[in-house]
Amino acid sequence: MTKIKFIDEKEVSLIEQISEVYLNKGIKAITMDGIAKELHISKKTLYKYVENKSELVEKSVQIHVLKQQEQIEEIQNKNFNPIQETQEIAVFIVNTLAKINPVVHYDLQKYFPKSWNIIDDYFNGFIYKSILSNLTKGQENGIYRTEFSNEIIAKIFITKLDLVFNPELFPQPKFTFVQVYLDFIQHHLHGIVSEEGRTILNKIDFTNI
């Protein structure tokens, strides 16, 4: 993933705030005027850092992705066993998904292809490597079964992860991101754990995540 350069800390702070607005309210429907009013700033301030809305969305997505990656890396560095690591990351993702307006995913994919590419690169880069590492560790310590290819399962995981946000497959409000994601994670874990791993997994109450 190519990182976008930011001018200074003030810009980073501003883009972080804008990212939160987009996540909560959606992207397509909010104009540059709307963002300025939401944050009580002038449009001149916005145009100091970006040329147009597309660039603003791109920087907002970059900030969001980088913050997610940093927080996931913090969890990974705590040396949990692979199932506990997956649980901790699930808690973080659930807290994130609960704040995201369902239209954000659709808006990015349909109207902001450059920004969507950042998400796509994040899934197929950092998230793929994270899942692959988790699977490898789990197989090495006997928590996951060894008769599957960790590369194949990691690729399947990434492909299915995108389905969590598919509004045609899981229309709101019948389904929520959180509900679909937690069922997806449980399905994934139950399919790969060994008997030792199942003992650990059965102690986790996903309804309380």
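Arg-145 is found in the loop between helix 7 and helix 8, where helices are DSSP runs of H or I with at least four residues, numbered from the N terminus. This is a predicted model, in which local features need pLDDT of at least 70 and side-chain atom pairs count only at pLDDT 80 or more, while totals for chains, interfaces and linings use all residues. Residues are numbered from 1 along each chain as its sequence is written, and side-chain values use heavy atoms, with hydrogens and water left out.

**Arg-145 and Gln-139**

- Arg-145 has a relative accessibility of 27%, so it counts as partly exposed; buried means under 20% relative accessible area, exposed over 50%, and partly exposed in between, with a 1.4 Å probe and protein chains only.
- Leaving aside neighbours within four places in sequence, Arg-145 is in contact with Gln-139, Gly-191, Ile-192, Val-193 and Ser-194 (contact means heavy atoms within 4.5 Å).
- The C-alpha atoms of Arg-145 and Gly-197 are 8.6 Å apart in space, and the two residues are 52 apart in sequence.
- Gln-139 lies in helix 7, which covers residues 113-140.
- Gln-139 counts as buried because its relative accessibility is 17%.
- Not counting residues up to four places away in sequence, Gln-139 touches Tyr-144, Arg-145, Thr-146, Phe-148 and Asn-150.

**Second largest pocket**

- The second largest pocket holds about 160 Å³ of space. On a 1 Å grid over the protein atoms alone, a pocket is an open set of points with protein on both sides within 12 Å along at least five of seven lines, a cavity is a set of points where a 1.4 Å probe fits but cannot get out, and lining residues have an atom within 4 Å of a point. Grid points are joined across faces, edges and corners, and a volume is the space filled by probe spheres set on the points.
- Its lining consists of Arg-145, Phe-148, Ile-153, Ile-156, Phe-157, Lys-160, Phe-184, His-187, His-188, Gly-191 and Ile-192.
- Helix 8 and helix 9 each supply at least two residues of this lining, and helix 9 gives the most, with five residues.
- By class, the lining of the second largest pocket has six nonpolar, three polar and two charged residues. Ala, Val, Leu, Ile, Met, Phe, Trp, Tyr, Cys and Pro count as nonpolar, Asp, Glu, Lys and Arg as charged, and the others, Gly among them, as polar.

**Largest pocket and His-64**

- The largest pocket has about 210 Å³ of space.
- Residues lining the largest pocket include Glu-16, Ser-19, Leu-23, His-64, Phe-92 and Thr-96.
- Helix 1 (9-25), helix 4 (53-76) and helix 5 (82-97) each supply at least two residues of that lining.
- The lining of the largest pocket divides into three nonpolar, five polar and four charged residues.
- His-64 is placed in helix 4 and is buried, with a relative accessible area of 16%.
- Residues up to four places away in sequence aside, His-64 touches Ser-19, Leu-23 and Thr-96.

**Largest cavity**

- One cavity of 30 Å³ or more is found in a search of the whole structure.
- The largest cavity has a volume of about 670 Å³.
- There are 37 residues in the lining of the largest cavity, and Gln-68, Ile-93, Tyr-122, Phe-123 and Phe-165 lie nearest its centre.
- Helix 1, helix 4, helix 5, helix 6 (103-111), helix 7, helix 8 and helix 9 each supply at least two residues of this lining.
- The lining of the largest cavity has 25 nonpolar, eleven polar and one charged residues.

**Aromatic rings**

- A search of the whole structure finds six aromatic pairs. Rings of Phe, Tyr and Trp (its six-membered ring) pair if their centres lie within 6.5 Å; planes under 30 degrees apart count as stacked, over 60 as edge-to-face and the rest as tilted.
- One of the pairs, Tyr-106 and Tyr-111, is edge-to-face, at 6.3 Å centre to centre with 80° between the planes.
- Tyr-106 is partly exposed at a relative accessible area of 41%, and Tyr-111 is partly exposed at 35%.
- The pair of Phe-157 and Phe-184 is tilted, because the ring centres are 4.8 Å apart and the planes are at 40°.
- This pair links distant parts of the chain, with Phe-157 in helix 8 (residues 150-161) and Phe-184 in helix 9 (residues 177-192), 27 residues apart.
- Both Phe-157 and Phe-184 are buried.
- Tyr-122, Phe-123 and Phe-126 form one aromatic cluster.

**Lysines over rings**

- Lys-28 lies over the face of Tyr-111, at 4.9 Å from the ring centre; a charge sits over a ring if NZ of Lys or CZ of Arg is within 6 Å of the ring centre and within 35 degrees of the ring normal.
- Lys-155 lies over the face of Tyr-128, with 5.0 Å to the ring centre.
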